[in-house]
Amino acid sequence: MRRLNRHHRQMRGSKEHIKQIFRKHRLHHRMGDLREFWIPDYILNSDSEHEDCLDEPQCPVIVFVNSKSGGQLGGGLLDTYRSLLNKNQVVDLLDQAPDKFLSALYLNLERLKQKEDELASKIQEKLRLIVAGGDGTAGWLLGVVCDLKLSHPPAIATVPLGTGNNLPFAFGWGKKNPGTDQQSVKSFLYQVMNAKEMKIDNWHILMRMKVPTEGNCDPIAPLELPHSLHAFHRVSSNDSSNMEGYLTFRGGFWNYFSMGMDAQVSYAFHSERKLNPEKFKNQLVNQSTYAKLGCTQGWFMASLFHPADKNIAQMTKVKIMKKHCSQWEELHIPPSIRSIVCLNLPSFSGGLNPWGTPNKNKLRDRDLTPPYVDDGLIEVVGFRDAWHGLVLLAPNGHGTRLAQANRIRFEFHKGAADHTFMRIDGEPWKQPLSVDDDTVMVEISHHGQVNMLATQGCRSKSIHDPSSVHQSATEEGDNEDDSTMGGEEWSKFGAADTFRIPDGVDISHLS
């Protein structure tokens with residue numbers, strides 16, 4: 001009898017061992033040849049059964065895809081990633097917002113770490129994020145990661161799936177829409193594995209004005225549909241930055257804030273795309289339409305079609321704080337400037353660099369520093385019209401360099417305009433202004449940093465990277481005329497609230 005019981009126990013043990021081997025074999029088959037990126041279900045979902053993984057992933061990734069970006073490309077890219085990886089580590093942003101997914105993921109990781117799960121610790125340490133969409137979609141994810149305030153925030157790679165693709169281009173990921181076949185996706189994954197981490201500055205923007213006696217001053221997205229207002233919206237009454245008797249709006253950006261004619265053209269483009277989505281199915285058509293709108297909006301004949309009293313200098317006073325906690329000083333804006341860009345990265349309007357590369361004399365005489373993406377300074381550039389913008393296509397071409405600053409403030413003149421156009425990282429809106437007082441204020445300030453993934457040799461440069469030593473332009477090459485130049489603490493960046501897409505909003509029109 002004892003021998004029989006021992007035999008039964010051995011048989012049960014053998015069966016469990018066989019099942020364990022079978023589970024490992026099945027998991028190995030699911031992983032295929034991309035086990036370096038694979039995250040098992042029990043890490044992603046607290047309700048899933050624990051799995052014995054064969055290998056520790058060297059580069060675990062979570063992939064966020066805006067499946068409506070890039071015409072039909074977004075959906076195809078989503079399907080390919082899900083066919084290669086665990087489908088639960090690939091998130092369709094049409095179905096689930098990134099803040100909800102990441103909050104649940106990190107809560108589960110902390111729970112598993114308390115149970116001394118070594119794989120959970122390794123995945124949290126090595127985790128990288130991929131976001132496929134336009135600049136607006138990428139900004140949404142960046143904002144969420146900032147406000148989660150993680151102890152070890154993951155670095156982020158951006159797939160160029162929009163029209164401008166300024167963020168991907170700045171970090172070496174290109175600006176052309178990617179291939180959706182398996183080989184292209186595998187190649188991108190291995191690029192992500194080999195990419196370097198680079199910190200970039202976050203920029204907080206705050207607008208405050210008195211409650212108008214009539215009318216509404218909430219931002220108006222293209223066709224009054226608030227798909228872009230995740231980037232900039234009114235704060236709630238219990239928000240720390242709210243002031244009684246005032247309307248307060250807040251947002252954040254990583255690449256640029258612009259105001260004036262370029263934002264007006266972008267607003268027209270987004271409105272047209274919302275009206276006729278069937279005409280915007282590929283990147284080349286989108287860019288062509290954008291250029292045509294620049295012509296029809298009078299951007300090339302600005303002096304004839306746009307009155308000078310609506311230029312930047314006539315509409316607002318500009319003040320800058322060059323260094324943290326220094327004094328505010330007024331910035332002279334040439335009267336011909338119709339568009340102003342506050343630039344953090346060397347990529348604007350499809351990869352152009354408005355700041356350019358100042359030569360050594362300009363750096364010395366104007367007290368400028370090389371344009372790094374993590375130095376706590378933002379470059380301020382002005383443009384007169386589209387012809388002025390075309391100089392960016394020439395070697396060493398640039399706009400009118402106005403300043404570098406740690407903070408910048410726009411104080412709008414009373415009655416100068418009833419509205420203006422603004423844009424954050426590709427997302428434009430029409431901003432009504434209160435006309436019965438002169439207290440309308442927009443202020444941009446440095447607010448921390450976020451981790452990005454960059455390819456070797458990307459155009460973005462870090463102040464801490466010895467390999468990114470600034471190379472000045474030649475004396476002859478940098479000859480555009482710049483001679484016309486003459487302590488509130490933020491409680492949070494605002495992304496988890498500010499960057500949450502409102503319920504019922506179609507995110508397919510995020511650029």
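Predicted model: local features only at pLDDT ≥ 70, side-chain atom pairs only at ≥ 80, totals over all residues.
Residues are numbered from 1 along each chain as its sequence is written, and side-chain values use heavy atoms, with hydrogens and water left out. Local features need pLDDT of at least 70 and side-chain atom pairs count only at pLDDT 80 or more, whereas totals for chains, interfaces and linings use all residues.

The protein chain contains 15 helices and 17 strands. These elements are DSSP runs, numbered from the N terminus; helices are H or I runs of at least four residues, and strands are E runs of at least two. Of the 511 residues of the chain, 55% count as buried. Buried means under 20% relative accessible area, exposed means over 50%, and partly exposed lies in between (1.4 Å probe, protein chains only). The chain exposes about 22900 Å². Carbon and sulfur atoms supply 51% of that area. Accessible areas come from the Shrake-Rupley method with a 1.4 Å probe; for residues, only the protein chains shown count as cover.

An open sheet is built from 6 strands with antiparallel pairing. Its order is E13-E12-E11-E8-E15-E16. Two strands pair if DSSP finds at least two bridges between them. Strand E13 (400–405) and strand E16 (427–432) stand at the edges; each has a single partner strand, so one side of each lacks a neighbour in the sheet. Neighbouring strands are turned by 20 degrees against each other on average, direction ignored. For such angles, axes are lines fitted to C-alpha atoms, for helices over the stretch in contact, and values run from 0 to 180 degrees between N-to-C directions.

Strand E8 (residues 256–260) pairs with strand E11 (residues 339–343) in the antiparallel sense over 5 bridges. Tyr-256 has Leu-343 in E11 as its bridge partner. Phe-257 stands opposite Cys-342 in E11. E8 also pairs with strand E15 (residues 419–424), again antiparallel, over 3 bridges. There, Ser-258 has Arg-423 as its bridge partner. E8 is mostly covered, with 5 of its 5 residues buried.

Gln-431 belongs to strand E16. Its relative accessible area is 0%, so Gln-431 is buried. The side chain of Gln-431 makes a polar contact with the side chain of Trp-429 (3.0 Å). A polar contact is a pair of N or O atoms within 3.5 Å; within protein, one must be able to donate a hydrogen and the other to accept it, and residues adjacent in sequence count only if both atoms are side-chain atoms. Gln-431 and Ala-221 are 210 residues apart in sequence, but their C-alpha atoms are 8.7 Å apart in space.

Helix H6 (residues 135–148) has 14 residues. From first to last C-alpha it reaches 20 Å, close to the 20 Å expected at 1.5 Å a residue. The expected span is 1.5 Å times one less than the number of residues. Of the 14 residues of H6, 13 are buried, so the helix is largely enclosed by the rest of the structure. Lys-149 follows H6 and lies in the loop between H6 and strand E4 (155–160). At 53% relative accessibility, Lys-149 counts as exposed.

Most residues other than glycine have a negative phi. Lys-149, not a glycine, has a positive phi of about 50 degrees. Cys-325, also not a glycine, has a positive phi of about 65 degrees. Cys-325 is found in the loop between strand E9 (316–321) and strand E10 (329–331). Cys-325 is exposed, with a relative accessible area of 61%.

Other cysteines are buried, including Cys-59 at 3% relative accessibility and Cys-342 at 0%. The structure holds 0 disulfides, a disulfide being a pair of cysteine sulfur atoms within 2.5 Å.
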